[in-house]
Amino acid sequence: MLGEVLQWEYPADAVLSHWLRARPHMGARDRAEVAEAVFDALRHLRRYRHFAESGSGPAARRLAILGLASVFSEQVLDAALQEDEREWLARLRRIDPASLPAAVRHSLPDWLEQRLADVPQAEALIEALNRPAPLDVRVNPLKAERATVLEALRAGPAARYSPEPTLHSPWGIRLQGRPSVNRWPLFENGSLEVQDEGSQVLVALVAPKRGEMVIDYCAGAGGKTLLLGALMRSTGRLYAFDVSAARLARAKPRVARSGLSNVVPVVIRADGDQRVKRLAGKAHRVLVDAPCSGLGTLRRNPDLKWRQHPESLAELCQVQARILRQAARCVAPGGRLVYATCSVLPEENENQVQAFLAENPEFELLEAGPILADRCENLTFQGPYLSLRPDRDGTDGFFAAAMQRRKPA
Ligand SMILES: C[S@@+](CC[C@H](N)C(=O)[O-])C[C@H]1O[C@@H](n2cnc3c(N)ncnc32)[C@H](O)[C@@H]1O
């Protein structure tokens, strides 16, 4: 299966789910261990490939052994290996990672190692992106209170996942391990959704109010739509736009579970969409959760660093600029435009916002800190943007900028 993942034809989690679905009799623990080993191999692929050069036998087996070494104790794994494999692994265990070149140690392609070097405290960020993430869920404020849900989780079988309130988001609960949240009654009745804490904070920056007209311009499967709608207390109108009908379709059951009645999903065209044109200058808030490299989510999607390349990134940057320009036209005078990504690269983030503001003087940048002060505690701000990082904030990497269309004088 690792061999198939390494063809890069499909995202790793899709290959893994397909493989696991074909093995219905495999136990929950075995499934979790296979998933962990595959993701570990993807996280550390460059380092493991460097190590695998010294072994013998099929390369995918050597990579799999290195992934499994992160899951099983030395004793358990060694018992399943051949003599030469045991000796090879023992030799590797003695290598000091600090002796390896940085890009090999960090398991990054050269181009990405160079781009990340410009980000402040790059080493800490890269190390955090190379570690597995906990799972964050969000309480649906329309249906439940965080304290009540937390109490219920701690009193039931979910207690083994050590539920804790998230530090920054007032709606989040952090779980350790790999719980199957989608089978929990609180999930089925719409009280809980899976959503990274960073994504929750980003919605707080949009801060929609009751009765407003709001557009989630790149709504996808509705991760942020659901919280936007709940903050509007299911009033007003919340357009969920996306060019992908398949992604929007995945939002449908989630909206149904959440109890929201203000969401209007619309499949739009990338250019010249008439529905978008009709909304020119009308929306109080527009969120652009732009398609991006996703490099801020490497903890959960480690294959992204191997699936992206400088050309795909340059293309994404052009798409981002175009979507931002189009979405901005929908913002009413005095209304708010939020541009967000789950990337940590300046070219997808600050640089996009600066270029947009230079071209569109009718928009001004707002300070994210004061907007978030009443809802989200313990956040660090350096400048006007919201920037979240796994090493500092414990969330995936996110960026967001809030802008306002000036009212005519
Ligand atoms: C980062 S994802 C959105 C994730 C979603 N907001 C969430 O929180 O779950 C970006 C989305 O932008 C959509 N997209 C790509 N090009 C677009 C365009 N020109 N206009 C609107 N949406 C677009 C993609 O289909 C994708 O669903």
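## Close-ups of a predicted model

**View A. Cysteine 292 is buried, with a relative accessible area of 15%.** Here "buried" means under 20% relative accessible area, "exposed" means over 50%, and "partly exposed" is anything in between (1.4 Å probe, protein chains only). Before you zoom in further: this is a predicted model, so local features need pLDDT of at least 70 and side-chain atom pairs count only at pLDDT 80 or more, while totals for chains, interfaces and linings use all residues. Residues are numbered from 1 along each chain as its sequence is written, and side-chain values use heavy atoms, leaving out hydrogens and water. Now look at the sulfur of cysteine 292: the closest cysteine sulfur sits 3.5 Å away in cysteine 342, which is too far for a bond, because a disulfide is a pair of cysteine sulfur atoms within 2.5 Å. Cysteine 218 isn't in one either, and its nearest cysteine sulfur, belonging to cysteine 292, is 10 Å away. Cysteine 218 is buried too, at 15% relative accessibility.

**View B. Cysteine 342 carries the label "active site" in an unreviewed UniProt entry.** UniProt positions follow the numbering used here, feature names are shortened, and annotations may be inferred rather than shown by experiment. You'll find cysteine 342 in the loop between β9 (331-341) and α19 (350-359); helices (H or I, at least four residues) and strands (E, at least two) are DSSP runs, numbered from the N terminus. Not counting residues up to four places away in sequence, cysteine 342 touches several residues, including Cys292, Gly294, Thr297 and Phe398. A contact like that means heavy atoms within 4.5 Å.

**View C. Aspartate 242 is in strand β6 (residues 237-242).** UniProt's unreviewed entry lists Asp242, Asp271 and Asp289 under "binding site". Aspartate 242 is buried, with a relative accessible area of 8%. A polar atom of its side chain lies 2.8 Å from the backbone nitrogen of glycine 220. Skipping residues up to four places away in sequence, aspartate 242 touches, among others, Tyr217, Cys218, Leu248 and Ile268.

**View D. Aspartate 271 is in the loop between β7 (263-267) and α16 (274-278).** Is aspartate 271 buried or partly exposed? At 42% relative accessibility, aspartate 271 counts as partly exposed. Leave aside neighbours within four places in sequence, and aspartate 271 is in contact with Arg322 and Gln326.

**View E. Arginine 254 is found in helix α15, and it is buried, with a relative accessible area of 16%.** A polar atom of the arginine 254 side chain lies 2.7 Å from the backbone oxygen of alanine 221. Beyond neighbours within four places in sequence, the contacts of arginine 254 include Glu193, Gly222 and Leu226.

**View F. The largest nonpolar core has 36 residues, and Leu205, Leu372 and Leu386 have the most contacts inside it.** A nonpolar core is a set of buried Ala, Val, Leu, Ile, Met, Phe, Trp, Tyr and Cys residues joined through side-chain atoms within 4.5 Å. Among the elements that each supply at least two residues of this core are α14 (223-231), α20 (368-373) and β12 (398-405). α13 gives the most, with six residues. A second, separate core of 30 residues includes Val286, Leu337, Tyr339 and Ala401. In soluble globular proteins, nonpolar side chains tend to be buried together.

Note on methods. A polar contact is a pair of N or O atoms within 3.5 Å; within protein, one must be able to donate a hydrogen and the other to accept it, and residues adjacent in sequence count only if both atoms are side-chain atoms.
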